[in-house]
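Colleague: Please take a close look at one helix-to-helix contact in this model, and then at what surrounds it.

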Amino acid sequence: MKKILYITLSILFFTLSLPPVNWGFLSFVAFVPLFLFARESSFLSALTAGILTGLAYFGLLFYWIASYTPAGGAVIIGGLTVYFGLYLAVTGYFLKRSKDIWFDWLFPGAFWLSLKWLIGFWKP
């Protein structure tokens, strides 16, 4: 039950950070319940939780693209959802094995930033 609450809280925080509510400050804490979930779960359940959360978040964020071009919306929402799920699963894998509080605090942000930096160099 606690794990479902973690996922629900993250989806709620991510959703409320978008317009029309536009409480952007919630996006800074929306990952915390997901990290707690990933630390207590297996790689596969963290991947599934990340995909569900990403699907809810990106589906709400990019619904307008899917309304104009369904194939484009599916590619964008699907790609970002898988990326979100893999990020959470890999982060959970390392957080479970960590014994250092500094690693727990710094790794998720540093890993996210590193992935974004690498994506910036990718040119199809």
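**The contact of α2 with α3**

Modeller: Leu 34, Phe 37 and Ala 38 of α2 touch Ser 45, Ala 46, Ala 49 and Thr 53 of α3, where contact means heavy atoms within 4.5 Å. By type, the residues of this contact are 5 nonpolar, 2 polar and no charged; Ala, Val, Leu, Ile, Met, Phe, Trp, Tyr, Cys and Pro count as nonpolar, Asp, Glu, Lys and Arg as charged, and the others, Gly among them, as polar. The model is predicted: local features need pLDDT of at least 70 and side-chain atom pairs pLDDT 80 or more, while totals for chains, interfaces and linings use all residues. Residues are numbered from 1 along each chain as its sequence is written, and side-chain values use heavy atoms, with hydrogens and water left out.

The axes of α2 and α3 (residues 43–61) come within 8 Å and cross at roughly 155°; axes are lines fitted to C-alpha atoms, for helices over the stretch in contact, with angles from 0 to 180 degrees between N-to-C directions. The two helices are therefore roughly antiparallel, a term for angles over 145 degrees. Helices are DSSP runs (H or I, at least four residues), numbered from the N terminus.

α2 (31–40) is also packed against by the buried residues of α6, as is α5 (70–97). In α6, Asp 104, Phe 107, Pro 108 and Phe 111 are buried, meaning under 20% relative accessible area (1.4 Å probe, protein chains only). Phe 107 also marks a kink of about 35° in α6, shortly before Pro 108; the bend is the angle between axes fitted to the seven residues ending there and the seven starting there.

Technical notes: Buried means under 20% relative accessible area, exposed over 50%, partly exposed in between (1.4 Å probe, protein chains only). Angles under 35 degrees count as roughly parallel, over 145 as roughly antiparallel, 65 to 115 as roughly perpendicular and the rest as oblique.
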